[in-house]
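Visitor: I have not looked at this structure before. Please take me through it in questions and answers.

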Amino acid sequence: MQTLPSPGESITCSGPHYDRAKEAKEFDETKAGVKGLIDSGMAKVPRLFIHPPQNLRDVSSDTEGSATDLKVPIIDMMGCQDSRLRRDVVDDLRRASETWGFFQIINHGIPVDVMDSVLEAVKQFHEQPEGVKGEWYSRDDARKFRYYSNGDLFLSKVATWKDTLLFDFPFGEPDREAVPLLFRETVFEYEKHVEKLKGSLSELLSEALGLDSGYLGDIECMDSKRIVSHYYPTCPEPELTLGTINHSDATYLTLLLQNHNGGLQVRHQNQWVDVSPVPGAILVIIGDFMQLVSNDKFKSVEHRVLARRAGPRVSVLCFLFPGETRKSKPYGPIKELLDENNPPMYRETSFTEYFGYYLSSGNGLNGESVLPHFRVSEPK
Ligand code: OGA
Ligand code: NI
């Protein structure tokens with residue numbers, strides 16, 4: 001999860017002729033995002049967006065993707081209400097969560113036309129005149145809807161090639177008036193379906209952990225929803241920058257919808273694997289907190305998005321984490337999963353503490369997992 005509260009101080013950095021803070025401020029003041037750079041005819045990636053070589057590991061010069069044959073698992077959820085078929089679905093989810101921490105699901109119950117209209121509305125938002133969308137540009141975290149480029153623009157060392165929309169559902173109740181007309185039908189319709197899917201996944205993943213189906217629901221770990229949508233414009237020099245830097249999500253679970261323009265990669269067996277778009281599929285990403293409460297049974301894995309000449313890529317993510325009343329309560333490895341052969345791997349922590357560390361350490365922003373900070377036993 002790379003979507004962050006408003007920054008505090010800006011960083012002035014490096015080089016006698018380069019004032020990063022000034023360039024960041026000027027870019028921010030355009031309120032036109034990366035799409036604005038492209039629209040103005042920019043043929044070179046500005047320095048603000050140029051990543052150091054260590055971030056660009058294995059970004060091939062044509063950035064047409066990875067060379068491996070590995071494929072992210074696709075799980076068919078059809079029939080998961082039928083007791084016999086349900087067992088197969090639970091087994092598939094367990095295997096995928098233990099080995100990949102990242103999988104696509106099909107026949108998940110969200111209608112294709114609902115998914116398509118959300119993706120289309122996001123595209124339309126970014127492709128309207130700058131003056132119109134600029135009205136919504138904001139870094140004020142109190143807003144229920146906002147548009148911005150690089151939530152961490154003034155904190156991270158280098159910017160990424162994308163613009164973002166954020167829809168907050170902190171108390172479950174959507175605030176229709178807070179969002180542009182374009183989204184009033186689509187996003188709330190999508191959110192209703194996501195809520196249902198979250199319920200099914202919560203039960204299935206509880207069972208996959210060997211717990212009662214209501215377990216994850218009862219601990220209220222996924223009651224808050226934040227829908228974040230990224231728009232990745234085409235990039236003239238994709239080998240110099242990234243759409244999203246490698247990171248793992250500081251959530252329990254993330255549900256991701258993507259359009260047909262790829263670019264998303266996941267780290268598996270020490271290689272970057274392309275997550276090829278599958279029509280109608282939703283991606284499920286195990287977050288850091290799920291790894292923590294499952295005591296390392298389920299894996300939260302690194303992923304990233306390449307900048308590409310083809311595009312635009314549009315993604316719509318739903319980040320799931322504890323609700324307002326549970327955010328500051330501690331969560332630790334689930335007791336039922338512990339015994340003398342399975343000691344707790346992590347100390348207890350709250351979402352507020354965890355996310356605070358994610359931001360303040362700078363690690364979350366620069367692609368390093370912050371889970372090790374909470375670890376009390378070495379991984380097996
Ligand atoms: C994220 C993320 C991937 C994408 O925002 O945490 O992983 O496809 N995004 O936008
Ligand atoms: Ni992510």
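Guide: Buried means under 20% relative accessible area, exposed over 50%, and partly exposed in between, with a 1.4 Å probe and protein chains only. This is a predicted model in which local features need pLDDT of at least 70 and side-chain atom pairs count only at pLDDT 80 or more, while totals for chains, interfaces and linings use all residues. Residues are numbered from 1 along each chain as its sequence is written, chains are lettered from A and ligands numbered from 1 in the order in which they are written, and side-chain values use heavy atoms, leaving out hydrogens and water.

Visitor: Is Val 132 buried, exposed or partly exposed?
Guide: Val 132 sits in helix α5, residues 130-134; helices are DSSP runs of H or I with at least four residues, strands are runs of E with at least two, and both are numbered from the N terminus. Its relative accessible area is 40%, so Val 132 is partly exposed.

Visitor: How far apart in space are Val 132 and Ala 32?
Guide: In sequence, 100 residues separate Val 132 from Ala 32. From C-alpha to C-alpha, the distance between Val 132 and Ala 32 is 9.9 Å.

Visitor: How many disulfides does the structure hold?
Guide: A disulfide is a pair of cysteine sulfur atoms within 2.5 Å. For Cys 80, which is buried at 8% relative accessible area, the nearest cysteine sulfur is that of Cys 318, 18 Å away. Cys 318, buried at 1%, has the sulfur of Cys 221 as its nearest, 13 Å away. The number of disulfides is zero.

Visitor: How much of the area that ligand 1 exposes when taken alone does the protein bury?
Guide: Around ligand 1 there are 13 residues, with His 230, Tyr 232, His 247, Arg 313 and Ser 315 coming nearest; a residue counts here if one of its heavy atoms lies within 4 Å. Oxygen atoms of ligand 1 lie 3.0 Å from a polar side-chain atom of His 247 and 3.3 Å from one of Asp 249. Taken alone, ligand 1 exposes 290 Å² (Shrake-Rupley method, 1.4 Å probe), and the share buried by the protein is 100%.

Visitor: What is phi of Asp 58 near?
Guide: Asp 58 is in the loop between α2 (33-39) and β1 (74-76), and at 55% relative accessibility Asp 58 counts as exposed. Asp 58 is a residue other than glycine, yet phi is positive, near 60°.

Conventions. Polar contact = N/O pair within 3.5 Å; in protein donor to acceptor, adjacent residues only side chain to side chain.
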